[in-house]
Amino acid sequence: MSDRNPGSGWIDVHHHAYHPELMAALRDAGVTEMAPGVPLPRWTPEDSLRVMDQAGLSAAILSVLLPDGDYDISSVARRANECAAEVVGDHPGRFGSLATLPLPDVEASLSEIEYALGVLGMDGVVLSASLGDGQLVGAPEFAAVFDELNRRRAVVFIHPRPGFRCTDTGGPGYRTLVPPPVIDFVMDTSRAVAGLVYGGTIRRCPDIEFVIAHAGGTIPFLAGRMELAQTWVLRGRTDAEPETVAAALGRLYYETAQSFAPGTIACLQEMTDDSHLLFGTDFPFMNDAVLTASRHLLQEHPGLDTEVFGRGNALALFPTLAKRLR
């Protein structure tokens, strides 16, 4: 474990930081699971540094997704952001961090943007694809949050909501047979991206750099279908015009956590180019062996510019981290 930064290593943009103090606060609030069947993780900065050194990663962008539960999300989000900023300060050159916002509370989220980005100097924000009642993050009532993030030219990482579960399909026993993280999480992300496209958020906020978790969920596979929506179910909608949809999907960034199979990468490359692909691991939910396997497969993927994908794109997205890496 070292704070020495491997100068040419890749950068992991999907790396979770569940600080022991934050986990203690959640347990005190009666929260025991991150997602259905997924216990609260045990994590320390040293865990991350160890696996990063083993895999030859220069740095990681830390993010925290808060589980569903009956607790004061504003105070817990504030603690999560302060913990993450503390880790970055303790290990300069190894970490960046994304702020957690207390949505659906818009006013509290605007206040947290000011504190996290303006005072703590965090590198962007992470948003759940949907909220506790199933509402998509791109819903009109959250427009003020995106407008402020656009004003700040922020990086916005869209990630599945940890508590998401599909309740109206599958029948009895579905959640046991197919745990939500396997299928439902990527559908949560896919719905969010479609909502951000068709709702006009991506067009309206050209200065936000959106990063989509898990290779965009099912979006690369469904991109052509999304472009056809104006021909039948979204007639007359400007943001459903095929050219508008293609342009919106093409300007998003997609990271590869749990999504590094050759066919997945090929599908991504059909929709966008290597300048919009990023390396991600989902550590600590994905263990050391998965991280190593993903790095190996991606390093060997034919036609993938690994210098751009593994490092260059992240440095361009996160200029403050880039300065610390020099």
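Val64 is buried, with a relative accessible area of 3% (buried means under 20% relative accessible area, exposed over 50% and partly exposed in between, with a 1.4 Å probe and protein chains only). Val64 belongs to the loop between strand E4 (57–63) and helix H3 (73–90); helices (H or I, at least four residues) and strands (E, at least two) are DSSP runs, numbered from the N terminus. Between Val64 and Met226, the C-alpha to C-alpha distance is 30 Å, at a sequence separation of 162 residues. The model is predicted: local features need pLDDT of at least 70, side-chain atom pairs count only at pLDDT 80 or more, and totals for chains, interfaces and linings use all residues. Residues are numbered from 1 along each chain as its sequence is written, and side-chain values use heavy atoms, with hydrogens and water left out.

Two helix pairs were examined. The axes of helix H2 (residues 45–55) and helix H12 (residues 288–300) come within 10 Å and cross at roughly 30°; axes are lines fitted to C-alpha atoms, for helices over the stretch in contact, and angles run from 0 to 180 degrees between N-to-C directions. H2 and H12 are therefore roughly parallel to each other (angles under 35 degrees count as roughly parallel, over 145 as roughly antiparallel, 65 to 115 as roughly perpendicular and the rest as oblique). Their crossing is right-handed, that is, the near helix is turned clockwise from the far one by less than a right angle. Helix H7 (residues 184–198) packs against H10 (242–251) at an angle of about 125°, with the axes 10 Å apart. This angle makes H7 oblique to H10. The crossing of H7 and H10 is likewise right-handed.

Most residues other than glycine have a negative phi, and most peptide bonds are trans. The peptide bond from Leu103 to Pro104 is cis, with omega near 20°, and Pro104 lies in the loop between strand E6 (99–100) and helix H4 (106–119). A cis peptide bond also links Phe283 to Pro284, with omega near 5°; Pro284 is located in the loop between strand E11 (277–278) and H12.

A positive phi, near 55°, is found at Arg153, in the loop between helix H5 (143–151) and strand E8 (155–159). With 59% relative accessibility, Arg153 counts as exposed. For Gln258, phi is near 60°; this residue lies in the loop between strand E10 (253–255) and helix H11 (262–271) and, at 45% relative accessibility, counts as partly exposed.
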